[in-house]
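Visitor: I'd like to learn how to read a helix crossing and a loop residue. Can you take me through one of each?

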Amino acid sequence: MAIIEVKVPQLSESVAEATLLQWKKRPGEAVAADEIIIEIETDKVVLEVPAPAAGVMAQLIKNDGDTVGSDEVIARIDTEGQEAVSPLPVKAIEAPTPAPAAAPAPAAAPATGGSKSDVAMPAAAKLLADNNLGTAQVSGTGKDGRITKGDVLATLSSGGAAKPAAAAAPAAAAIPTGVPTTSLPSVQAPLGAANLADRPEQRVPMSRLRARIAERLLQSQATNAILTTFNEVNMAPVMEMRKKFQEKFEKEHGVKLGFMSFFVKAAVHALKKFPVINASIDGNDIVYHGYFDIGVAVGSPRGLVVPVLRNVDQMTFAEIEKKIAEFGVKARDGKLGLEEMTGGTFSISNGGVFGSMLSTPIINPPQSAILGVHATKDRAVVENGQIVIRPINYLAMSYDHRIIDGREAVLGLVAMKEALEDPARLLFDI
């Protein structure tokens, strides 16, 4: 028997630990080389761990939901294909406490003999018992048809669970959380059926990313002297230019010309004029950055992520649009890498895609400012003493008043406004 260890990938210096999501392979199951066997969630990204070699999963050292560090051994694979018996107690592999054998549900069909297809893994057996399910109600996908924890979770999510016998109130309806249940450890919510009646609740743990977002936002509010300045922008010139060149642009570059590239370019235009907006605080020092790395806030199923566009001042409109589109796909699929999420000297948050009219964005530390972009709507404005209709976007820039004075903040936002209302300024850098 040749055993190979599966280890946690090297995490970045800013990430001390990570959380195991759900194992895709169980002991005794065949594993192909480079097959993804587990996903590991850090406070920034989800990392996929491939099998280092082909063989049979011999041992799971860490469970779903466990906290791990860089290079920690989490499993072992037998490359000779022999089914290995773990030297550890079952409770150390599958569940924190020994699980009793599952009792058949009253309405479940009787077992059809002692075949392996009726066997449930310990963690699966506990879930079966907790949800009043019998083995006949779950299709096993494990070795020789064994029922795994994932099989039970799949059955429960598809509505295959029976009502608990002790429940006095109607079964609680599923509440959408926006987070795939397969990415979360199983958590038993307090029933409290007598008190909840027809008002269901669902308790789920914060993902590591969500917990990190909460921590950083509180840190930002507690350590920065945040002030927000506002301005309104007539988007008609940008909209006309975009309409004029959209077809040629897409044909030439293979990507649509969006509005974000204009906002990014306008931000860099202003940051060059007022470098302190692009700076950060390090102790008692102000660090002025001679480069422009713009973080673009992107929504994902796991929460808000801010991938970074590097050296934006050297990028074309097409390069910016392609990179933003790439970030969107990666965020949706959980494929953003650590190197794409670190750093950044300034950020842009576009709440307008969701219909936001106005907001006060929170600074992403250690940065000192962030631009909030909102929905462009036709509004009545006064031009030359006349009331006219214009497509208006309200911009909001939050800044750290410890190093950025009101003058620089206001003039910086005005510079962005002028660049958007007269895009030719971006060509001549005026």
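Guide: Start with H7 (residues 260–273) and H10 (residues 406–421), whose axes come within 8 Å and cross at roughly 135°. Axes are lines fitted to C-alpha atoms, for helices over the stretch in contact, with angles from 0 to 180 degrees between N-to-C directions. H7 is therefore oblique to H10, since angles under 35 degrees count as roughly parallel, over 145 as roughly antiparallel, 65 to 115 as roughly perpendicular and the rest as oblique. Helices (H or I, at least four residues) and strands (E, at least two) are DSSP runs, numbered from the N terminus. This is a predicted model: local features need pLDDT of at least 70, side-chain atom pairs 80 or more, while totals for chains, interfaces and linings use all residues. Residues are numbered from 1 along each chain as its sequence is written, and side-chain values use heavy atoms, without hydrogens and water.

Visitor: Which residues in H7 and H10 meet?

Guide: Contact means heavy atoms within 4.5 Å. From H7, Phe262, Phe263, Ala266, Ala267, His269, Ala270 and Lys273 meet Gly412, Ala415, Met416, Ala419 and Leu420 of H10.

Visitor: And the loop residue: where is Thr376?

Guide: Thr376 lies in the loop between strands E17 (369–373) and E18 (377–383). At 33% relative accessibility, Thr376 is partly exposed (buried is under 20%, exposed over 50%, partly exposed in between; 1.4 Å probe, protein chains only).

Visitor: What does Thr376 contact beyond its neighbours within four places in sequence?

Guide: Met235, Met239, Pro391, Ile392 and Asn393.
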